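Here is my note on the model you sent. Please read it with the coordinates open.

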Amino acid sequence: MNGYFIFFKRKEKKTMNILDGIGETLNNAYNDVSKKAKDASGIAKLSYKIKQKESFISMQYGAIGKAYFEDHKDDAEPAYEGVSLVNDALKEIDELREELAKIKGAKKCPGCGAELKGEPAYCSKCGTKIEYDEPAEEAKTEEASETESKSEDFFAE
Ligand SMILES: [Zn+2]
């Protein structure tokens, strides 16, 4: 009876030691995982902050560039090729807008370039009188009468 008890006690002690060992290992593993998680969130936070600052700088570069462009867009020989490139691109955009307006059937004011809605007699922005293409026959008679009046003027002098 006594011997059995001792044996049991020893066994219990051994088991405890093993459990202690497992507990320690698990604890170390947990600490390791939580440290890694902390590192990961720290890395993510820092990377995010760096990205934010970088995009902030990009925005500032853009603003500085735009201000520089506004100051130098009319330079005969701009110090930076980018100024000419932006000027070219702006011209192209104007041409593309004109093409788009034609497709959409809209007419542009010859005075200020504003897109006209409908068929107004005058531009609502600058007041320029808007001429519309007359039908072919009417245009011909107009041309003819113009030539007549011109020759009349010629002989009158
Ligand atoms: Zn106009």
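The points below go from the whole chain to single residues.

1. Ground rules. This is a predicted model: local features need pLDDT of at least 70, side-chain atom pairs count only at pLDDT 80 or more, and totals for chains, interfaces and linings use all residues. Residues are numbered from 1 along each chain as its sequence is written.

2. Elements. The protein chain has 3 helices and 2 strands. Helices (H or I, at least four residues) and strands (E, at least two) are DSSP runs, numbered from the N terminus. Their order from the N terminus is α-α-β-β-α.

3. Confidence. The mean pLDDT of the protein chain is 79, and 75% of the residues score at least 70. pLDDT is the predictor's confidence in each residue, from 0 to 100. Helix H2 (residues 81-103) has the highest mean, 92, and helix H3 (residues 136-156) the lowest, 49. The pLDDT is below 50 over residues 136-150, and this stretch has 1 contact in the model beyond near neighbours in sequence. Where pLDDT is low, the predicted coordinates should not be read in detail.

4. Of the 157 residues of the protein chain, 1% are buried. A residue is buried if 20 or more other C-beta atoms lie within 10 Å of its own, exposed if 12 or fewer, and partly exposed in between; C-beta atoms are placed from the backbone. Among contacts with a separation of 6 or more, 0% join residues 24 or more positions apart. Two residues are in contact if their C-beta atoms, placed from the backbone, lie within 7 Å.

5. Helix H2. H2 has 23 residues and spans 33 Å from first C-alpha to last, close to the expected 33 Å. The expected span is 1.5 Å times one less than the number of residues. The count of buried residues in H2 is 0. Gly105 follows H2 and has a positive phi, near 80°.

6. Ala106. This residue sits in the loop between H2 and strand E1 (107-108). Ala106 counts as partly exposed because it has 13 C-beta neighbours inside 10 Å. Leaving out residues up to four places away in sequence, Ala106 touches Ala101, Glu115 and Leu116. Its C-alpha lies 9.0 Å from that of Glu119, 13 residues apart along the chain.

7. Lys129. Where is this residue placed? Lys129 lies in the loop between strand E2 (115-116) and H3. Lys129 is exposed because 11 other C-beta atoms lie within 10 Å. It touches Ala121 and Tyr122, not counting residues up to four places away in sequence. The C-alpha atoms of Lys129 and Cys109 are separated by 8.6 Å, at 20 residues apart along the chain.
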